[in-house]
Amino acid sequence: MAARTAVKAAPKCLVCKGTGEVAIPVKVGRKQRITEDHQVGMCLTCFGSGQA
Ligand SMILES: [Zn+2]
């Protein structure tokens with residue numbers, strides 16, 4: 001029996017790259033202008049699990 005070298009890992013979320021967190025642009029003002037500041041938020045694509 002040949003040893004299985006290819007380990008089937010869980011597919012990573014492409015949005016957060018498996019971290020479960022994404023950088024969210026901070027919006028300020030009434031016009032919701034996007035600043036250069038970013039805050040870390042939970043990835044809504046994988047709900048923070050990091051898996052697709
Ligand atoms: Zn994600």
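The legends below describe close-up views of one predicted model. Residues are numbered from 1 along each chain as its sequence is written. In this predicted model, local features need pLDDT of at least 70 and side-chain atom pairs count only at pLDDT 80 or more, whereas totals for chains, interfaces and linings use all residues.

**View 1. The chain as a whole, with its strands and its buried fraction.** The chain holds 0 helices and 2 strands, where helices (H or I, at least four residues) and strands (E, at least two) are DSSP runs numbered from the N terminus. Of its 52 residues, 8% count as buried; a residue is called buried if 20 or more other C-beta atoms lie within 10 Å of its own, exposed if 12 or fewer, and partly exposed in between, with C-beta atoms placed from the backbone. Among the contacts in the chain with a separation of 6 or more, 48% are made by residues 24 or more positions apart, a contact being a pair of residues whose C-beta atoms, placed from the backbone, lie within 7 Å.

**View 2. The antiparallel pairing of strand 1 with strand 2.** Strand 1 (residues 21–28) and strand 2 run antiparallel and are joined by 7 bridges; two strands are taken to pair if DSSP finds at least two bridges between them. Ala23 stands opposite Val40 of strand 2, and Lys27 has Ile34 of strand 2 as its bridge partner. Strand 1 is hardly covered, since the count of buried residues among its 8 residues is 0.

View 3. Gln32, in the loop between strand 1 and strand 2, has a positive phi of about 55° although it is not a glycine. Most residues other than glycine have a negative phi. Gln32 counts as exposed because it has 8 C-beta neighbours inside 10 Å.

**View 4. Cys13 and the residues that it touches.** Cys13 belongs to the segment before strand 1 and counts as buried because it has 20 C-beta neighbours inside 10 Å. Leaving aside residues up to four places away in sequence, Cys13 touches Gly18, Cys43, Thr45, Cys46, Gly50, Gln51 and Ala52. From Cys13 to Gly48, which are 35 residues apart in sequence, the C-alpha to C-alpha distance is 9.4 Å.

View 5. Ala9 lies in the segment before strand 1, and with 8 C-beta neighbours inside 10 Å it counts as exposed. The C-alpha atoms of Ala9 and Gln51 are separated by 9.9 Å, although these residues are 42 residues apart along the chain. Lys17 is also found in the segment before strand 1, and it has a positive phi of about 60° although it is not a glycine. Lys17 counts as exposed because it has 12 C-beta neighbours inside 10 Å.

Terms used: Contact = placed C-beta atoms within 7 Å.
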